[in-house]
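Subject: Structure for your review

Dear colleague,

Please find below the structure that I am handing over to you.

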Amino acid sequence: MQAFAYAAPRTVDEAVSLLAQHGERARVLAGGTDILVQLREGKRTVDLLVDIKHIPEVNQLTYTPGEGLRLGAAVPCHKIYEQAEVAAAYPGLIDAVSLIGGIQIQGRATVGGNLCNASPAADTIPALIVHRATCLIAGPQGTREVAVEQFCTGPGETVLQPGELLLALHLPPPPPHFGAYYLRFTPRNEMDIAVVGVGASVVLHEDHTRFASARIALGAVAPTPLLASEAGEVLTDKVISEEHIQQAAEAAQAVARPIDDMRGTAEYRRHLVGVLTRRALRGAVERAKKEA
Ligand SMILES: Cc1cc2nc3c(=O)[nH]c(=O)nc-3n(C[C@H](O)[C@H](O)[C@H](O)COP(=O)(O)OP(=O)(O)OC[C@H]3O[C@@H](n4cnc5c(N)ncnc54)[C@H](O)[C@@H]3O)c2cc1C
């Protein structure tokens with residue numbers, strides 16, 4: 001592995017200043033499960049890694065029923081599903097963090113790192129999108145907020161500017177009669193990335209026979225994870241039925257822009273978008289019925 005400097009700042013200001021000084025030649029280190037592999041394989045070179053794990057703000061995981069979840073950028077995946085209240089409120093996110101790697105990886109890997117690595121196939125990003133998560137970003141000019149669906153700009157690329165880092169994610173409190181679900185298809189059961197991943201969330205009307213609204217997000221079928229707005233809107237105020245779920249699945253297929261690669265052809269991926277969207281919607285509806 002190439003030689004690089006290592007810094008472990010204790011404050012956000014210190015981290016921002018180090019990142020700003022080194023620009024493109026510095027990267028944040030959170031769990032290290034992506035960046036250390038990339039450095040070892042020579043896919044990336046840096047002069048400085050800025051370890052954020054000693055900064056209190058990025059280690060906070062706080063859930064308040066009226067305000068939602070604040071998930072610090074350095075919180076490892078396992079801490080999220082270990083909290084029963086958080087697991088109950090954000091089931092789509094729990095599906096995703098439970099799929100990442102295995103237990104050992106989940107002990108280190110962060111949702112913030114999964115997002116900032118910006119892989120089109122990252123498991124947490126569609127789940128964050130359907131939970132309406134926003135990113136709190138700190139930089140030399142202060143802080144700003146960006147919706148997760150606008151955060152990734154291409155494979156490995158994000159809206160983060162030199163000197164900026166992700167501080168935390170905010171997930172709003174789930175409304176009544178809400179359910180969410182994330183699932184992916186991989187040819188192997190474990191330790192593989194998604195050929196396609198789909199997240200869905202639904203809000204049902206009080207009588208549980210109709211959708212009030214729905215949100216669908218797709219992974220691994222475009223250069224960035226996608227919010228399939230049209231597919232969710234198809235379901236607004238519709239009766240919960242296989243016919244309407246099928247219409248939403250077809251709308252999701254229309255939004256997908258998959259490519260052929262060694263994991264599957266574009267046609268295969270488009271087919272999977274249909275299958276997984278139907279399953280994610282059914283799963284979200286079941287959870288919404290139980291939650292209420
Ligand atoms: C064996 C194995 C299996 C895996 N399986 C899966 C899987 O099933 N699904 C999946 O989606 N991923 C998987 N991954 C990838 C990886 O574990 C995840 O992407 C992980 O969530 C990254 O988080 P991290 O904290 O380790 O990030 P790091 O490696 O520390 O950082 C990742 C990138 O994000 C940047 N970054 C991190 N935090 C911030 C921040 N706060 N602000 C700005 N930039 C930041 C870093 O500079 C780096 O470029 C796997 C990895 C391994 C090694």
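Three strands make up an open sheet in the order β1-β3-β2, and their pairing is parallel. Two strands count as paired if DSSP finds at least two bridges between them. Helices (H or I, at least four residues) and strands (E, at least two) are DSSP runs, numbered from the N terminus. At the edges of this sheet stand β1 (5-7) and β2, each of which pairs on one side only. From one strand to the next, the twist averages 25°. Axes here are lines fitted to C-alpha atoms, for helices over the stretch in contact, and angles run from 0 to 180 degrees between N-to-C directions.

Please note that this is a predicted model, in which local features need pLDDT of at least 70 and side-chain atom pairs count only at pLDDT 80 or more, while totals for chains, interfaces and linings use all residues. Residues are numbered from 1 along each chain as its sequence is written.

Within the parallel sheet, β2 is joined to β3 (residues 48-51) by 4 bridges. Val28 stands opposite Val50 in β3. Helix α1 (residues 12-22) packs on this sheet, where it touches β1, β2 and β3, and its direction makes about 165° with that of β3. Contact between two residues means that their C-beta atoms, placed from the backbone, lie within 7 Å.

A second open sheet has 4 strands in the order β11-β12-β13-β14, and here the pairing is antiparallel. Its edge strands are β11 (178-185) and β14 (226-227), each pairing on one side only. Strand β13 (residues 211-219) is joined to β14 by 2 bridges, and Leu218 stands opposite Leu226 in β14. Helix α10 (residues 242-255) packs on the sheet and touches β13 and β14, with its direction at about 35° to that of β13. Helix α5 (residues 91-99) lies across β11 and β12 (196-204), running at about 25° to β11.

Further antiparallel pairing involves β6 (residues 134-139) and β7 (residues 142-147), which are linked over 6 bridges. These two strands form a hairpin with 2 residues between them. Strand β6 is also joined to β10, by 5 antiparallel bridges. Cys135 illustrates both pairings: opposite it in β7 stands Val146, and its bridge partner in β10 is Leu169.

I turn now to the ligand. Which residues come nearest to the ligand? Of the 31 residues around it, these are Gly31, Gly101, Gly113, Asn114 and Cys116. A residue is near a molecule if its C-beta atom, placed from the backbone, lies within 6 Å of it. Two or more residues of this shell come from each of β2 (26-29), α2 (35-40), α6 (103-108), α7 (111-117) and β10 (165-171). The largest share, 5 residues, is given by α7. By residue type, the shell divides into 18 nonpolar, 9 polar and 4 charged. In this count Ala, Val, Leu, Ile, Met, Phe, Trp, Tyr, Cys and Pro are nonpolar, Asp, Glu, Lys and Arg are charged, and the others, Gly among them, are polar.

The chain is assigned domain 1 (5-51), domain 2 (57-171) and domain 3 (178-291), with bounds that come from an automatic or database domain assignment. The shell around the ligand draws at least three residues from each of domain 1 and domain 2. The centres of domain 1 and domain 3, taken over C-alpha atoms, are 35 Å apart.

Finally, the chain as a whole has 11 helices and 14 strands. Its radius of gyration is 19 Å, close to the 19 Å that the globule rule gives for 292 residues, so the chain is as compact as a globular protein of that length. The radius is taken over C-alpha atoms, and the rule is 2.2 Å times the number of residues to the power 0.38. Along its principal axes, the C-alpha trace spans about 55 × 45 × 35 Å.

Yours sincerely
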